[in-house]
Amino acid sequence: MGGVLVDLGYCKVIREKPVTKDVLDAVEEAYNKNKALFSKEPKKKFKIIICDSLSEFKKRSGKHFKPWVTARVDKMRILIKSQELIKKAKKPYDKLRFKEIMVHEVNHVFWNSFFGLKNKPAWLQEGLASYVSGSPRINNKELREAINKYKVSYKILDYRYMNKKIKGHMPKYYVWEGFTRYLVERHGAKKIVRFMDEYSKHPYQDDYKALFSKYFKKSDGRVFRDYLNRLFNKEVQTYMGKY
Ligand SMILES: [Zn+2]
């Protein structure tokens, strides 16, 4: 496939159509946001391929193709539908903006570069990417309704990407994003990066549990409970002698 290539130094942007300024602005913003979050840059140059048609997206996705997917990351390569193509899609994807998706996907490239491709936890990997991409996509009231409807518990912090115990259309990403935002507010993004730096050197599930408690002072389940208490305005006021 031919097309246009723009080399930005840290990445190459490839598109069949001309690479317009709005695309380059989105890439630049995505890169800078993630550089600030991680306080470091990937050593290897990555690639962003903008697809202007579903057939091109299909061809380039290969066996991973799903028509409703907006973008995918494959190690250090981002495949993303163009803004024009995203707009053609029906709900809920038409609500998502190209810029926000770009920040999300570039976050995955940074993650892959520093922590490795297979190193989960999935909730933090997706939570961090969604958190950095911008403001929450649903408000706290909607989030509370979803959590009640699907009886969300700490089990949503499934370690592996797809835990078979978690069924249905529970809005996992929204909860992961909300919980990650809570962690950032409480502990700062730098601590999350330090936690992943240490964990990715020895990425086993038992180490994950021990390290999480070391960095965040409680188990992931307990911190998640604190998060739910705050979301539902039931924060325990220990200093006031209540409870
Ligand atoms: Zn993602």
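**Exercise 1. Contact range and overall make-up**

Among contacts in the chain between residues at least 6 apart in sequence, what percentage join residues at least 24 apart?

*Solution.* Take the contacts between residues at least 6 apart in sequence; 67% of them join residues at least 24 apart. Keep in mind that this is a predicted model. Next, the elements: the chain holds 10 helices and 5 strands. Then burial: 30% of the 243 residues count as buried.

**Exercise 2. V23**

Determine whether V23 is buried or exposed, and state what it contacts.

*Solution.* Step one: locate the residue. V23 sits in helix α1, residues 21-38. Step two: count neighbours. V23 has 22 other C-beta atoms within 10 Å. The cut-off for buried is 20 or more, so V23 is buried. Step three: list contacts. With neighbours within four places in sequence left aside, V23 contacts V13 and I50. V23 and K99 are 76 residues apart along the chain, and their C-alpha atoms are separated by 8.3 Å.

**Exercise 3. The largest nonpolar core**

*Solution.* Start with its content. The largest nonpolar core has 49 residues. Those with the most contacts inside it are V27, I48, I78, I80 and M102. Helix α4 supplies the largest share of this core, 9 residues. In general, nonpolar side chains of soluble globular proteins tend to be buried together. Finally, look at one member: not counting residues up to four places away in sequence, V27 touches L8, C11, V13, I48 and M102.

**Exercise 4. The buried side of α8**

Which residues of helix α8 are buried, and what covers them?

*Solution.* Helix α8 spans residues 189-199, and its buried residues are I192, M196 and Y199. These cover an arc of only 65° around the axis, so they lie on the same side of α8. Their cover includes α4 (98-115), α5 (122-132), α7 (172-187) and α9 (205-216).

**Exercise 5. Packing of α7 on α8**

Classify the packing of α7 and α8, then name the residues that make the contact.

*Solution.* Two values describe a packed helix pair: the angle between the axes and the distance between the axes. For α7 and α8 the angle is about 105°, and the axes are 7 Å apart. Angles of 65 to 115 degrees count as roughly perpendicular, so α7 is roughly perpendicular to α8. On the α7 side, L183, V184 and H187 make the contact. On the α8 side, the contact residues are A189, K191 and I192.

Methods
Residues numbered from 1 in each chain as written. Predicted model: local features only at pLDDT ≥ 70, side-chain atom pairs only at ≥ 80, totals over all residues. Buried ≥ 20, exposed ≤ 12 C-beta atoms within 10 Å, placed from the backbone. Helix = DSSP H or I, 4+ residues; strand = E, 2+ residues; numbered from the N terminus. Arc of directions from axis to C-beta. Contact = placed C-beta atoms within 7 Å. Core = buried A, V, L, I, M, F, W, Y, C linked by C-beta atoms within 7 Å. Axes fitted to C-alpha atoms, helices over the stretch in contact; angles between N-to-C directions. Parallel < 35°, antiparallel > 145°, perpendicular 65-115°, else oblique.
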